[in-house]
Amino acid sequence: MSIGTPDYSMKNLNEKTNAEIEGLIKKSKEELFNLRFQKATSQLENSARIKAVKADVARMLTVLRERQLGITEAPEETSGKADK
């Protein structure tokens with residue numbers, strides 16, 4: 001069983017665009033900062049969450065790097081309009 005949030009699985013991340021993943025990375029890094037701050041002030045209730053968020057960030061960075069190297073390709077960005 002993998003560590004991390006189910007929403008950030010490799011399958012789900014491969015369906016997202018690079019911009020979406022970068023937004024998720026920013027959100028996760030903010031969460032990681034808050035978790036570390038809670039730990040420093042002895043307010044952290046679930047210390048395993050730190051490891052899970054770090055794994056999520058690493059997974060997202062891996063997907064972006066694979067795309068940069070051409071190992072995988074990003075999905076086509078849609079404009080939100082359906083072609084008729």
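In this predicted model, the side chain of Thr41 places a polar atom 3.2 Å from the backbone oxygen of Gln38, a polar contact (a pair of N or O atoms within 3.5 Å; within protein, one must be able to donate a hydrogen and the other to accept it, and residues adjacent in sequence count only if both atoms are side-chain atoms). Thr41 sits in the loop that links helix H2 (18-40) to helix H3 (48-69), where helices are DSSP runs of H or I with at least four residues and strands are runs of E with at least two, numbered from the N terminus. Its relative accessible area of 36% makes Thr41 partly exposed; buried means under 20%, exposed over 50% and partly exposed in between, for a 1.4 Å probe and protein chains only. Ser42, which follows H2, has a positive phi near 60°.

Residues are numbered from 1 along each chain as its sequence is written, and side-chain values use heavy atoms, with hydrogens and water left out. Because the model is predicted, local features need pLDDT of at least 70 and side-chain atom pairs count only at pLDDT 80 or more, while totals for chains, interfaces and linings use all residues.

The chain contains three helices and zero strands, giving the pattern α-α-α along the sequence. H2 has 23 residues and spans 33 Å from first to last C-alpha, close to the expected 33 Å, a value taken as 1.5 Å times one less than the number of residues. Its buried residues are Ile21, Leu24, Ile25, Ser28, Leu32 and Leu35, and their cover includes helix H1 (10-14) and H3.

The largest nonpolar core has eight residues: Tyr8, Leu13, Ile21, Leu24, Ile25, Met60, Val63 and Leu64. Such a core is a set of buried Ala, Val, Leu, Ile, Met, Phe, Trp, Tyr and Cys residues joined through side-chain atoms within 4.5 Å. H2 and H3 each supply at least two residues of this core. Beyond its neighbours within four places in sequence, Ile21 is in contact (heavy atoms within 4.5 Å) with Leu13, Lys16, Met60, Val63, Leu64 and Arg67.

Which residues surround Asp56, once neighbours within four places in sequence are left aside? They are Ile3, Gly4, Thr5, Tyr8 and Arg49. Asp56 belongs to helix H3 and counts as buried because its relative accessibility is 1%.

Across the chain of 84 residues, 24% count as buried. Among contacts between residues at least 6 apart in sequence, 64% join residues at least 24 apart.
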